[in-house]
Amino acid sequence: MAGNSLGKLFKITTFGESHGGAVGVLIDGVKPNLRFSTAPIQRELDRRRPGQSKVTTARNETDQVHVLSGVFNGKTLGTPICLIVWNKDQDSKAYAAIKNVFRPGHAGFTYVSKFGIQDYRGGGRSSGRETAGRVAAGGVAKQILARRGVEIFAYTLEAGGIRAKTFKFSEIERNPMRCPDPVAAKKMAARILKVKKDGDSVGGIVEAVVRHCPAGLGDPVFDKLEADLAKALLSIPALKGFEIGSGFAAARMKGSEHNDEFFRNRSGAIRTRTNYAGGILGGISNGEDIVVRVAVKPPSSIPKSQRTVDTRGKNATISVEGRHDPCLCPRVVPVVESMIALVLADHLMRQAMVRRANAIGSLRNTIDFTDEMIISLLSYRQELVREVGEWKKSHRKPISDPKREEQIMRSILHLAPEANLDRRFLRKVYDAIFEHSRAVQRTV
């Protein structure tokens, strides 16, 4: 079956069905000799897995990732990496009674129309279960992007008609809705549980933000960055809409309102005063935050009675039993992040080839952006250090903490070989950072 792969240089192919033996992914394009750990991948899978709360399906899968190939002694080999997640809690009995009936909102009819056969158990290949492989691959892509300082986070913006009004991003992983507004999150959950009790389901909107994405990713015309993002995100089961930046609101704006004016900031970098473009111009990233939103439909498997036809075309009614999500938004969040990470990792590799061809001009632009990112990260670190200083002061703790500094230094120096950086250089840098941190805390 075609259509199982995504990407050109960083390429993934997912496999497996909802009620089959396993689901997983084959990843090609990862460089050799990179440190590889399943811990970050497992964290992403834990965010996606079923059975997390009352607002998700009760299917109880641990979703433990296993590495079949491409890794040796904790490092990548440069060969395809195969990650697999075994299915352990599938229950196909609920589907036996409806195997010859087309479920409204599901892909059974279209799969039969195309292939002449379908795996009716949980939707088979069209099930959201397939996204476990995507999230596993996304865990690898996120590690590649993190080395460049790129951050991706998504959240439930709206569910069941209730929309977030405040955005405290530290709240996203603290509530079952993965919503940055804790008040709205409680209202969303209450609404979902009420609708679930009535045998129905609700949809919503998931928003995602990419920070510190370098300018220059994406290609003109058919391989535009937003086009590839749209394809990747709309390939997620249950997603019915995509918009970037101002999205459809742009249709109600004037050009003078929508245009993002350019300026040169204090560090000399070119930025925009607004971000209606959503971080992409002409299909190429401009260095601003990439902001996208996707519409998530209500889950189709509901116990409420619905009209349909069977495989012979005769009228029938159906009530779908089993364990299903009453709202998909909380579990779609990590999938959205993963698909964005996969696209960006692929385009980052493509851009590396362009830079080699373009030589000095492009390299200098990238260095300028990297310097700006370093300043931004140092500023953020300084803010955190100041908060630590306030805590020390309130708890009457000493400013100097040699044990903590040595712990950080060991961790940093451990990463030096992988980052191809001189340990003596890193030690000098962090000695200066520690000295500055102590000075900041003394002023609190």
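Begin by selecting Cys179, which is buried, with a relative accessible area of 0%. The model is a predicted one, and within it the sulfur of Cys179 lies 9.9 Å from the closest cysteine sulfur, that of Cys329, which is too far for a bond. The structure as a whole holds zero disulfides. Another cysteine to display is Cys82, which is buried as well, with a relative accessible area of 11%.

Next, select Phe10 and Leu344, the two residues that touch the most other members of the largest nonpolar core, a set of 80 residues. The largest share of this core, 14 residues, is supplied by helix H8 (residues 329–358). Keep Leu344 selected and, leaving aside neighbours within four places in sequence, show its contacts, which are Leu145, Val150, Ile152, Val210, Cys213, Leu217, Leu225 and Ile290. A second, separate core has nine residues, among them Ile408, Leu426, Ile433 and Phe434.

Now move to helix H10 (residues 402–419), whose 18 residues should span 26 Å at 1.5 Å a residue, and whose end C-alpha atoms are 25 Å apart, in agreement with that expectation. Which residues of H10 are buried? Select Glu405, Ile408, Met409, Ile412, Leu413 and Ala416; these cover an arc of only 135° around the axis, and therefore lie on the same side of H10. Turning to the face of H10 directed away from its buried side, you will find the exposed residues Lys403, Arg410 and Pro417.

Notes. Residues numbered from 1 in each chain as written. Predicted model: local features only at pLDDT ≥ 70, side-chain atom pairs only at ≥ 80, totals over all residues. Heavy atoms only, no water. Core = buried A, V, L, I, M, F, W, Y, C linked by side-chain atoms within 4.5 Å. Buried < 20%, exposed > 50% of the residue type's maximum accessible area, 1.4 Å probe, protein only. Helix = DSSP H or I, 4+ residues; strand = E, 2+ residues; numbered from the N terminus. Contact = heavy atoms within 4.5 Å. Expected span 1.5 Å × (residues − 1). Arc of directions from axis to C-beta. Disulfide = S-S within 2.5 Å.
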